[in-house]
Amino acid sequence: MKGLRKIVDNMKPTFEKGGKLSFLYSTFEAFESFLFVPNTVTRPKGTHVRDCNDLKRVMSMVIVALIPAMLFGMYNIGYQHNIAIGGDMGFWQMFWFGFLKMLPLIIVSYVVGLGIEFASAQIRGHEVNEGFLVSGLLIPMIMPVDIPLWILAISVAFAVIVGKEVFGGTGMNIWNPALIARVFAFLAYPSHMSGDKVWVAGLTSGEGIVDATTGATPLAHAAMNELDKIPSFCDMFLGFIPGSIGETSTLAILIGAVILIYTGVASWKIMLSSVIGALGLGFLVNAFAEPGTFAALPAYYQLVMGGFAFGTVFMATDPVTSAQTETGKWIYGLLIGMLTVIIRVFNPGYPEGMMLAILLMNTFAPLIDHYVVQSNINRRMKRAVNTK
């Protein structure tokens, strides 16, 4: 590492002000920050909060937390393919098949997203932030496995430009960029991206090779009141079901949740309140449901179906777009869980409600914080008046 550090230091003057390539300083600084901890320090002026957890460390921990769900997603791609063709592939064959299917999605996501981020930083003369390191992995994980790469590229570009850069870049966006990409793909290309079906990659038929076949997800069966076709709770918890790449295994997602909570990167209050909201409204719906309908499905099934677990752990807890006050986090998470159940049960045309619930609450998160802060101010003012 010392040798690499020396090489970077020797190159640095070329990119600094006055150097031949000074116009590329933002790009050089981004690669330097990626390789090493930045050597900049606060100036001896004013008061500063010093913490070891900078943006780079936070983004790195989220990436680590995503690894279990990503690895299982790769295996599940091959597993679902093996079932579709009636084959006898081994574990590593299924994993390798899934790896090769997912790798192009990840590459396209990062190339397009980081390309736009670098270009934007160069144009504005700003530093390149690490924010897209997480979004670049989240986006492929919430997409169908065989989504055309050009659609993925356009969706990523839309998410970065419209969902992020127009608001000022990392830390300024009001909606989760990864969810913006999914919403764009869902609304702009519904024939390629469906909310109630997923793709099983590489099906082999007697007629030859076809790109994919659709397989209904548990939520799709529930929306059609086909409760007898819904997989067992155990299969859905473990993740051996059709679904978006990273969203099927609740167990793998929970491992990521433990990592995020232990490191203090994500709020356990948002996660817990989302679960409470979904279960609370779910059991209420169960009490008035007609037998054999989606509403009659036990409330705890909502936690392992669709993108609820993934959204709760990795999307709802986004520190930029979620509520910031401690009380606000409880309200924010509770409403996400409740809205998810409402959309799923009462809107059969769109059974996956987690995405819309999170985006809607992203919109109202600042309002929630405003009223929480205002309530605290009013309470203190009243207390101050009473003590006089």
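Author: The expected span of a helix is 1.5 Å times one less than its number of residues. Helices (H or I, at least four residues) and strands (E, at least two) are DSSP runs, numbered from the N terminus. The model is predicted: local features need pLDDT of at least 70 and side-chain atom pairs count only at pLDDT 80 or more, while totals for chains, interfaces and linings use all residues. Residues are numbered from 1 along each chain as its sequence is written, and side-chain values use heavy atoms, with hydrogens and water left out.

Reader: How far apart are the end C-alpha atoms of H6?

Author: H6 covers residues 149-161. It has 13 residues, so at 1.5 Å a residue it should span 18 Å. The model agrees with this, as the distance between the end C-alpha atoms is 18 Å.

Reader: Which residues of H6 are buried?

Author: Buried means under 20% relative accessible area, exposed means over 50%, and partly exposed lies in between (1.4 Å probe, protein chains only). Phe158 of H6 has 31% relative accessibility and counts as partly exposed. The buried residues of H6 are Ile151, Leu152, Ala153, Ser155, Val156, Ala157, Ala159 and Val160.

Reader: How many residues of helix H5 are buried?

Author: H5 runs over residues 132-141 and is mostly covered. Its buried residues include Phe132, Leu137, Ile139 and Met141. The count of buried residues in H5 is nine of ten.

Reader: What share of the residues in the protein is buried?

Author: The protein has 14 helices and four strands. It has 388 residues, and the buried share of them is 48%.

Reader: How many aromatic pairs are there?

Author: Rings of Phe, Tyr and Trp (its six-membered ring) pair if their centres lie within 6.5 Å; planes under 30 degrees apart count as stacked, over 60 as edge-to-face and the rest as tilted. By this rule, the number of aromatic pairs is 15.

Reader: How many residues apart in sequence are the parts that Tyr75 and Phe240 tie together?

Author: The two rings form an edge-to-face pair, 6.3 Å centre to centre with 85° between the planes. Tyr75 lies in helix H3 (residues 55-85) and Phe240 in the loop between helix H9 (233-238) and helix H10 (250-262), so the pair ties together parts whose separation in residues is 165.

Reader: Is Tyr75 buried or exposed?

Author: Tyr75 belongs to a cluster linked by ring pairs, together with Phe72, Tyr79, Phe91, Trp92, Phe95 and Phe240. Phe240 is partly exposed at 29% relative accessible area. At 13% relative accessibility, Tyr75 counts as buried.

Reader: How many residues apart are Phe158 and Phe184?

Author: Phe184 is buried, with a relative accessible area of 19%. The ring centres of Phe158 and Phe184 are 4.4 Å apart and the planes are at 20°, so the pair is stacked. Phe158 is in helix H6 and Phe184 in helix H7 (residues 177-188), and the pair links distant parts of the chain at a separation in residues of 26.

Reader: Which residues of H12 meet H11?

Author: Axes are lines fitted to C-alpha atoms, for helices over the stretch in contact, and angles run from 0 to 180 degrees between N-to-C directions. H11 (residues 268-287) and H12 (residues 308-315) pack at about 150° with their axes 9 Å apart, so H11 is roughly antiparallel to H12 (angles over 145 degrees; under 35 is roughly parallel, 65 to 115 roughly perpendicular and the rest oblique). Met271, Ser274, Val275 and Ala278 of H11 meet, in H12, Phe308, Thr312 and Val313.

Reader: Is the crossing of H10 and H12 left-handed or right-handed?

Author: The axes of H10 and H12 come within 9 Å and cross at roughly 15°, so the two helices are roughly parallel. A crossing is left-handed if the near helix is turned anticlockwise from the far one by less than a right angle, and right-handed if clockwise. The crossing of H10 and H12 is left-handed.

Reader: With which residues is Asn176 in contact, leaving aside its neighbours within four places in sequence?

Author: Asn176 is in the loop between H6 and H7 and is buried, with a relative accessible area of 3%. Contact means heavy atoms within 4.5 Å. Leaving aside neighbours within four places in sequence, the contacts of Asn176 are Met315, Asp318, Thr321, Leu359 and Asn362.
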